Amino acid sequence: MPHLSRRLVLTAGLAGLAAGACGAPKRPEALVAPMALAPAVEAVPAPPPADPLAQNLLVGFCGAPGSKALGRMTGDLDAASRALRQQIGTFPAIRPITPVVELIATTVHRSPGADGMYRSRCGDETVRAYLAAARALNGLLLLDIQPGRADFLPEVRAYEHWLKEPDVGVALDPEWAVEPGVVPGRKFGRTTGAELDEVARYLGGLAQEHRLPAKVMVYHQVAAKVVRDEQLLVAHPGVSPVKVVDGIGSAAAKKATWRTLMPTKPAHVRAGFKLFFEEDTRNGAPLMNPAEVLALTPTPSYVLYE
């Protein structure tokens with residue numbers, strides 16, 4: 001079980017950075033042969049873009065500017081990327097591995113801020129730097145959302161410019177999604193399958209409209225009460241959902257949390273597992289190794305390190 005107050009204090013104070021912009025190049029116009037030269041043929045629709053999780057295992061580091069406590073993808077992104085490559089190298093060569101950079105893009109705070117939402121959003125400069133790091137790894141960028149008192153969907157929509165990119169998805173952190181009147185860190189936040197489904201429907205619409213690969217949509221879960229009515233998250237074309245179990249502690253404790261939380265996972269949702277370099281080893285216990293993690297049932301499709 002995470003130490004909420006300690007983790008929250010370390011996230012506070014992350015300021016939004018200056019906004020920027022980028023654009024995708026336009027597709028060239030297709031040349032059409034004159035009818036006199038070739039008979040008309042019926043167009044064959046292109047196959048849908050690939051699902052990033054169809055064959056590959058995802059392995060990632062999380063982080064954000066300003067606090068190493070948020071994960072190792074912090075500070076020198078080149079050095080952090082080298083460390084991620086080294087970690088990936090410890091996994092058995094059973095299936096291809098896609099590196100993941102998980103940026104904590106919307107960060108929860110103890111103070112309400114100007115709009116009373118107890119969160120701040122990072123700016124385009126930050127997203128651009130983390131996306132560049134993900135692309136240098138031939139990987140994916142996931143934008144992690146700690147919404148405070150805000151709802152998930154508006155926070156995700158705030159990054160629509162980036163979500164139109166083919167290699168950007170989201171990670172939702174309901175532990176930090178609190179109700180009106182609650183200060184983040186005083187008790188666990190929560191979400192519902194219906195709220196997760198709203199985000200999935202939105203992401204699926206983006207993927208289909210812009211002919212993008214299926215959007216990876218992670219949702220983290222540390223305790224049963226954090227995600228309620230999970231079966232209301234239904235399958236949507238263009239979305240690849242993953243439930244990441246976030247329990248902290250020894251291997252035995254983490255496996256117990258896994259066994260508690262996995263049974264409620266909808267059948268179409270893949271499994272994910274999170275490891276903490278410091279919290280999991282605080283009492284001298286060894287960090288679970290990749291073989292131990294991949295021996296879990298169901299087999300994780302995403303392994304995240306903080």
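This report describes the fold, nonpolar cores, cavity, cysteines and backbone features of a predicted model.

## Overall architecture

The chain contains 8 helices and 11 strands. Of its 306 residues, 52% are buried. Among contacts with a separation of 6 or more, 77% are between residues 24 or more positions apart in the chain.

## Nonpolar cores

In soluble globular proteins, nonpolar side chains tend to be buried together. In this model, the largest nonpolar core comprises 66 residues. The residues with the most contacts inside this core are Leu103, Leu141, Leu143, Val156, Leu172, Leu203 and Met217. Helix α6, which spans residues 193-209, supplies the largest share of the core, with 6 residues. A second core of 13 residues is separate, and its members include Cys62, Val100, Leu142 and Val242.

The surroundings of Met217 can be listed in detail. Leaving aside residues up to four places away in sequence, Met217 touches Leu196, Val199, Ala200 and Leu203, among others. Its partners also include Val170 and Leu172, as well as Leu233, Val239, Ser240, Pro241 and Val242.

## Helix α6 and Glu198

Helix α6 also contains Glu198. Glu198 and Val234 are 36 residues apart along the chain, and their C-alpha atoms are separated by 9.8 Å.

The structure has 1 cavity of 30 Å³ or more. The space in the largest cavity amounts to about 50 Å³. Its lining consists of Pro52, Leu140, Pro166, Asp167, Val168, Gly169, Ala214, Lys215 and Val216.

Two strands, β5 (168-172) and β7 (215-221), each contribute at least two residues to the lining of the largest cavity. Sorted by class, this lining has 6 nonpolar, 1 polar and 2 charged residues.

## Cysteines

A disulfide is a covalent bond between the sulfur atoms of two cysteines. The model has 0 disulfides, counted as pairs of cysteine sulfur atoms within 2.5 Å.

Cys62 has a relative accessible area of 2%, so this residue is buried. Cys122 also counts as buried, because its relative accessibility of 14% falls under the 20% limit. Cys62 is one of the residues of the second, separate core.

## Backbone features in loops

A cis peptide bond, with omega of about 0°, joins Thr297 and Pro298. Pro298 lies in the loop between α8 (290-294) and β11 (302-305).

Tyr118 belongs to the loop between β2 (97-108) and β3 (119-121), whereas Asp229 is in the loop between β8 (227-228) and β9 (239-245). Tyr118 is buried, at 9% relative accessibility. Asp229, in contrast, is exposed, because its relative accessible area of 55% is over 50%.

Key: Residues are numbered from 1 along each chain as its sequence is written. This is a predicted model: local features need pLDDT of at least 70, side-chain atom pairs count only at pLDDT 80 or more; totals for chains, interfaces and linings use all residues. Side-chain values use heavy atoms; hydrogens and water are left out. Buried means under 20% relative accessible area, exposed over 50%, partly exposed in between (1.4 Å probe, protein chains only). On a 1 Å grid over the protein atoms alone, a cavity is a set of points where a 1.4 Å probe fits but cannot get out, and a pocket is an open set with protein on both sides within 12 Å along at least five of seven lines; lining residues have an atom within 4 Å of a point. Grid points are joined across faces, edges and corners, and a volume is the space filled by probe spheres set on the points. Helices (H or I, at least four residues) and strands (E, at least two) are DSSP runs, numbered from the N terminus. Ala, Val, Leu, Ile, Met, Phe, Trp, Tyr, Cys and Pro count as nonpolar, Asp, Glu, Lys and Arg as charged, and the others, Gly among them, as polar. A nonpolar core is a set of buried Ala, Val, Leu, Ile, Met, Phe, Trp, Tyr and Cys residues joined through side-chain atoms within 4.5 Å. Contact means heavy atoms within 4.5 Å.
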